[in-house]
Number of protein chains: 6
Amino acid sequence: MRPSGRAPDQMRTLSFEPGFTKHAEGSCLVSFGETRVLVTASLEEKVPPFLRGKGQGWVTAEYGMLPRATHTRGAREAAKGKQSGRTQEIQRLIGRSLRAVTDLSLLGERQIVLDCDVIQADGGTRTAAISGAWVALRLAVDGIMGKLSADPIRTQVAAVSCGFHNDTAVLDLDYIEDSNAGSDGNFVLTADGAIVEAQLTAEGATFDEEGLLRLLRLARIGCGEIFEAQRRACGR
Amino acid sequence: MRPSGRAPDQMRTLSFEPGFTKHAEGSCLVSFGETRVLVTASLEEKVPPFLRGKGQGWVTAEYGMLPRATHTRGAREAAKGKQSGRTQEIQRLIGRSLRAVTDLSLLGERQIVLDCDVIQADGGTRTAAISGAWVALRLAVDGIMGKLSADPIRTQVAAVSCGFHNDTAVLDLDYIEDSNAGSDGNFVLTADGAIVEAQLTAEGATFDEEGLLRLLRLARIGCGEIFEAQRRACGR
Amino acid sequence: MRPSGRAPDQMRTLSFEPGFTKHAEGSCLVSFGETRVLVTASLEEKVPPFLRGKGQGWVTAEYGMLPRATHTRGAREAAKGKQSGRTQEIQRLIGRSLRAVTDLSLLGERQIVLDCDVIQADGGTRTAAISGAWVALRLAVDGIMGKLSADPIRTQVAAVSCGFHNDTAVLDLDYIEDSNAGSDGNFVLTADGAIVEAQLTAEGATFDEEGLLRLLRLARIGCGEIFEAQRRACGR
Amino acid sequence: MRPSGRAPDQMRTLSFEPGFTKHAEGSCLVSFGETRVLVTASLEEKVPPFLRGKGQGWVTAEYGMLPRATHTRGAREAAKGKQSGRTQEIQRLIGRSLRAVTDLSLLGERQIVLDCDVIQADGGTRTAAISGAWVALRLAVDGIMGKLSADPIRTQVAAVSCGFHNDTAVLDLDYIEDSNAGSDGNFVLTADGAIVEAQLTAEGATFDEEGLLRLLRLARIGCGEIFEAQRRACGR
Amino acid sequence: MRPSGRAPDQMRTLSFEPGFTKHAEGSCLVSFGETRVLVTASLEEKVPPFLRGKGQGWVTAEYGMLPRATHTRGAREAAKGKQSGRTQEIQRLIGRSLRAVTDLSLLGERQIVLDCDVIQADGGTRTAAISGAWVALRLAVDGIMGKLSADPIRTQVAAVSCGFHNDTAVLDLDYIEDSNAGSDGNFVLTADGAIVEAQLTAEGATFDEEGLLRLLRLARIGCGEIFEAQRRACGR
Amino acid sequence: MRPSGRAPDQMRTLSFEPGFTKHAEGSCLVSFGETRVLVTASLEEKVPPFLRGKGQGWVTAEYGMLPRATHTRGAREAAKGKQSGRTQEIQRLIGRSLRAVTDLSLLGERQIVLDCDVIQADGGTRTAAISGAWVALRLAVDGIMGKLSADPIRTQVAAVSCGFHNDTAVLDLDYIEDSNAGSDGNFVLTADGAIVEAQLTAEGATFDEEGLLRLLRLARIGCGEIFEAQRRACGR
C-alpha cells in the first residue's frame, strides 16, 4: 500500500500550465502532484563560444530550488556562492535529455536556455523539470518556426521516477516514497519508444535485471500519460 | 498620461495569495500588476550567532530573481557564484522594514527568514516583496501565537514606489515608467502613519522638498490600499 | 546635549587635503572630524563594455575599509573573498551621486574610477567619501580640460548625515550618535540646491514628514559648509 | 572491429598496484589499459557533522584529474576556484557505490575518504576509480580490523562501462570508443550479483530494453574479471 | 649613477609616524621615500584554532595595496574575490619576520594581527611593511606590558631590499631601480646581527657568492639606519 | 647524526623517470628519496594576453599536492575553492626558476605550462619539482626543435634544500629534518654555476654570513648530482 493510496502504476495528478510567465519565449508551470516546477525557455540569438561559427544551435538547462521549496529551508545557493553537486548533476541531465530530441543544426546559431526552478518539492523534481522543459522548449520553438527550414524538435521527451517501495515496484515516487525507497531510478524516454537516459541507484538495497525491467515497464506507462498531457498543453 | 492609462495616484491591481506553498510556516504570492513575487516565511527555533543567549529573536530576508523574470534573461546568481550589489541592497532593505514593526524580544529565541523570489518583474519588485513579506510573516507568527506571551507584530508595514514621469508625480511605477523616471523613490510606511524608510534617487534629474512631499503623499495613498489588501489576505 | 558637545546644527571639523597621493590623476584625504577617507580618482582612456562605442564616458566608485579603521578589527574583504552587502550598497551610492553632477557625454570615452578607502571610521564614512570624491573627480577632470570641449562637471555634490539623537535633530552624526540614533538619514545635495539622494531609515523609532523636513534643513546647512571647503581645496 | 583490436567482450589489461603511496591507510594505483587512477583511503577518527553521535561511520570520495591527464591540458580546478559539475557528479557516484557495500554502523564513528586522482585518462576513469577505491578501502579497513567487532565490508564492488560502438555492444570503452559511442552506460555491480548503479545515456542515438540488457550482460563479464583482480591485489 | 642621485649605500628618507590611527592598539605610517605603508597592530584576546589551549600567543600579518597606490590602477582584491599570490607571499613573509623576534609563550593566549596597507608604492613595500610592523607591534605590546611577566619582543627586526643596478650593488631600491635590477633581494635582519630571511632572485641576470655577500653588507648598513629610526619612533 | 643515517653532504636517492605519462609533450616522475612529484610540460601554440604579438614565448608553472600526499590528509584545494598562499608561492618560484634558463624570444609565440603534482611528500617537494620540471621542459622543447632557429634552453637548472639540523649544515632535508631545522633554505642553481634564487628562512633560530655560505656550498654539491641525473634522464 502506497502512503498516498495510489495504485503501484498510478501517476500523481499531472498539470502543465503553459505561458505561466510573460517575458519568456516559452514557459510552463508543471505539477506532478504537489511538486511544482516553473520552467522558462529563453531564446538567444547566439551560441556559446565552443559552437561559434559551426552553424548549429544549443539547448542547455539550469536548475534551482527556492530555499523553502522543501520541508526545511535550505541555504540559498546564490548566497552560499556555489551550486551544489546535486544541482549541477540535475541540470546536466535536463540539458542532455532535451538535446536528445533536438536537431541542433536545424535550430541555427541560436541557444535556448531552459531555467527550471522548483517552487515546491515533493519528490521527482528532476523528472517534472524535464517533462515541463519539453513544453517550454516546444512553445519557444513554435515562436520561431517561421525562421527555420524544418522543425528541430524530432519528438517528445518525458521523464519519470520509479522505485521499490516495500518491495513493490511503484511509479512516480513522492517524497515519502523516495525517502524510503530501497532502490529507485529516473527514466527519460521519447514518444517514439526510445530510452534517452536511465539512472538507477541502490543506496542500501540493490536490484537485478528483472527489477530493472519492471521499473522500466512502469516508466513507459508513466511517460505515456505525460506525453499526452504535454500535447494537450501545447495544443497539439 | 501614464503608459498604462492609470491615473497618477492609481495603484496597479493588487493581489495577495496567502498559503501559496505548503511547506513554509507562512507564504504569499503577491502581485502588483504584472510584478509577481513569491514570499515564504521560514520559522527556525534558533537565532544567528550574534544573538545567541540574548533572549530575543530575529527577522531577516533574502531576495532573488528567477533568471527569466525579466525581459531578457539575467545570469543566475547561484551560477555566477555571488549575489549582486542590487540583490544585497534589496534584501537588507526588506529585513530592516519588517524588523521595524516587530518586537524581537516578544518573538523569543526564534528566527524568521523571509525569502522573496521574483517570479515575474515589471517594476516595483522590492516594494511588492516588502508588502508580501508582511503577510507571510503575519501567517507564520499566527501559527506560534500559542507559544508567545503577546503578539510581536506591532503593526502593518507596506512599501510602494513613486516618481516623476514626464514631470508628473505618479504612484506605483511599472517597468516602463521606472526606466524613464527622472527621479523616484521607495517608501516604507506603517499602518499607524510612520515612515520606516524613504529612499529617493535622482539619476539625471533632481528634486526638492516639494517634490519629496508630493511623492510621500502619493505613497500614503498607495500604502493605504496595500494595508487593506494585506488585512483581507490574512483574514483580519 | 550631543556627546561631542557640538550644537545640533554644527558640523565636525572638515578638512580636504588634495593631492594626498602622487600617482592618481586626482586624490584627496577628506576628514569629517575623526573620520578619514582617502579618495583617488583614476582616469582610464576606455569605458566599460556596456558603453563601448556610444561616445560617452563613465564615472564609478569602489569603497573599502581598512580592517582596523574601526573600534574592533573587521575581517579583510579581500581575504574573505567577497565584498559585503554594505560595501556594495555604499559604492553604488557614491557612483550614482557623482554621476548625477557629471555630463557623461562631455567626458568622452573615458572612465574615472573613484576609490574611497576608509583609513579611520567614526561615523559618516559614506558622506565623507562622496564629498571627498567630488574633489578628487574635480582635480582629475581639471587635468584633462585641454582635451574636452566643455567642463563635464555641472556643479558640486556633497553629502551629510542627519538624525534624531535623544529626540533632537542633529547634523553630521559621529559614531556614538549614529549607534544610538532612533532614525537617521543620508542626504546628497548639489550646490545649486537640488536633492540627488535621500535615504532615511528608522530601525526602532520611526519618523514623519515634519521630521524628514527638519533633517533635510540641517543637511542643507551642512552641505553648504562642505561646498565651501571643497572649493577652497580645489582652489576655486 | 574495435579500434584497439579487442573482442567486444574483452576488457583492457587490468592492474591494481596496492600500497602505491606510503602515508595513506590504504592506496592503490589502478589501471584499465592506459587509464591510470591513484586512489588513497584516508582513515579519520571522526565523522562529518550530520553523523556526530549517531554511532556510525561514513565513507565518501573525492575525484580529481591532473591538468594534463588528458590529450589537451585542462584548467586546474584549484586554480579556477571550483570543481566542475562533472567532477562532482563522479565523486558522488564513487561515494554511493562504496557505501552500498559497507555496513556503516560496523565501522564505528570513523570516516574513510577515498581520493581518486586521475594520472592519465583514456576513457573509463570513473569505473577505474570505483574499482580501485574498493581495494584502497579494503586495505584501510584491514588495518583496523582489530578495533572492529565484524568486517564492515559486505562484499566487493566494481564498475565498468559498456556501450554501442558501430552498433556493436562492447565492453570497457577506451577514449576513442567513448567519444564515438552512440549510447553507453556505467554499471556498478557487487560480487554477489546485485546492481548498485546503472547509468545509461544516449546523446545522439537512443536504446531500448534489449540494448540495455546486452550492455548489462557485458558488464557482468567485465566486473567478474575486476573482482578477481581486486582479490589478488588484496591477497584474498 | 642611480636615477635618484643617491649613493649606492644610501637609504631613501625614512619616516615612522607612530599612532597614525586612533583605534588600533599600535599603529605606524612608515615611509621609505615615496613608499608609504600604514601598519596597524590589532590585539585580540584569543588565538587561532590550531593554538587553542597551548598557552601561547600568535603574531600574524595581512597585506594589501590600495587600488591606486601604483602608477596604474590595479583591480581591488576584495572585488576580484581573492588575494593574489604576490599578496599572500608578502603577508606570509611579514608574519614570519615578526614571529622571529617574538617569544610567543610570553605573549600568553593573545593574537596580534599586523595589517599592512600600502597607501603609495614606489618600490620596497614589503620591506617598509616589515620595518613599520615592528613599530606597531612594539606599541601594542607596550600597552599590555602590565599583564605580561616579561617582554615578549626579544629584539628589533627590519628589512631592506638591495640589488644590482647597472652592475653596481645598491641599497633600498626604488621602483625604477627595482624594475631594471638584474638581480635583487630582500633581507630581514635583527638588531643583534642575525639574518631572519634572505630572498634573492635573479630574473634575467644571475649572481654568485660574492654578489650575495655584497648585497648582504649593504643590507646591514640599511637596517642599521632603520633600527635607529624605529627606536626614535617608539621613544626608546 | 641525521635521522636517515645520511652523511651531512649526502643527497637522497635521486630518480628521474622521463615519459611517465603519454599525453604531455614532456613529462617526468622525479623522486628525491620518498618525495615523488609528477611533472608534465604542456606545449600550447599561444601565449597569455599580456604577451600577445610581442614575438616571444612564456614558461609558467602550477603546483598541487594530492590530498593524501602527506602524513595526514589535507583538504583538496579544488574543493576549498582556492589555492593556498604556500601553493602560489611555490608555483611562482618554479616558474621564475625555469624562465631564468630559457630564452623566451627563441621559443616563439608558444607557452609551456609545467604542472607539478606531488604524489608523495617527504620534504623538498619544491626543489624536486624544479629539478624535474627542467627535464619535462627539455623533453617538450626537444620535440619542437625542428620549428626553432636555436635551442631556447640556455643551461640546466636544479634546486635543493639545505639547513641546519642539530647545528650541522645538512643537504637535501627530508620531512623529519625539515620539521626540526633551526633555519634552512632553498637554492636554485644553474649548471654553469650561477645562483638563480636563494631563499633562506629562520623561524626560531637565525643565521649569519658564514652559515649562509656553508649552506650554499652544500647546495652546489647537491645540484651537481642533480644535473648529472637530469642529463642521464634526457639522454644527453
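Tutor: A residue is called buried when its relative accessible area is under 20%. The model considered here is a predicted one.

Student: How many of the residues of chain A count as buried?

Tutor: Of the 236 residues of chain A, 64% count as buried, so each of these falls under the 20% cut-off.

Student: Why is the pair Glu62(A) and Arg76(B) called a salt bridge?

Tutor: The closest N and O atoms of Glu62(A) and Arg76(B) are 2.9 Å apart. The cut-off is 4 Å between a side-chain nitrogen of Lys or Arg and a carboxyl oxygen of Asp or Glu, so the pair qualifies. The count between chain A and chain B is 14 salt bridges.

Student: Which element gives the most to the side of chain A that touches chain B?

Tutor: That element is β3(A), with 7 residues. The residues on this side divide into 15 nonpolar, 10 polar and 14 charged.

Student: What area is buried between chain A and chain B?

Tutor: About 3,000 Å² is buried between the two chains, and carbon and sulfur atoms give 49% of it. On the side of chain A, the residues that lose the most area to chain B are His23(A), Arg68(A) and Arg76(A), together 25% of what that side buries.

Technical notes. Residues numbered from 1 in each chain as written. Chains lettered and ligands numbered in written order. Predicted model: local features only at pLDDT ≥ 70, side-chain atom pairs only at ≥ 80, totals over all residues. Heavy atoms only, no water. Buried area = accessible area lost by both parts, 1.4 Å probe. Helix = DSSP H or I, 4+ residues; strand = E, 2+ residues; numbered from the N terminus. Nonpolar A, V, L, I, M, F, W, Y, C, P; charged D, E, K, R; others polar. Buried < 20%, exposed > 50% of the residue type's maximum accessible area, 1.4 Å probe, protein only.
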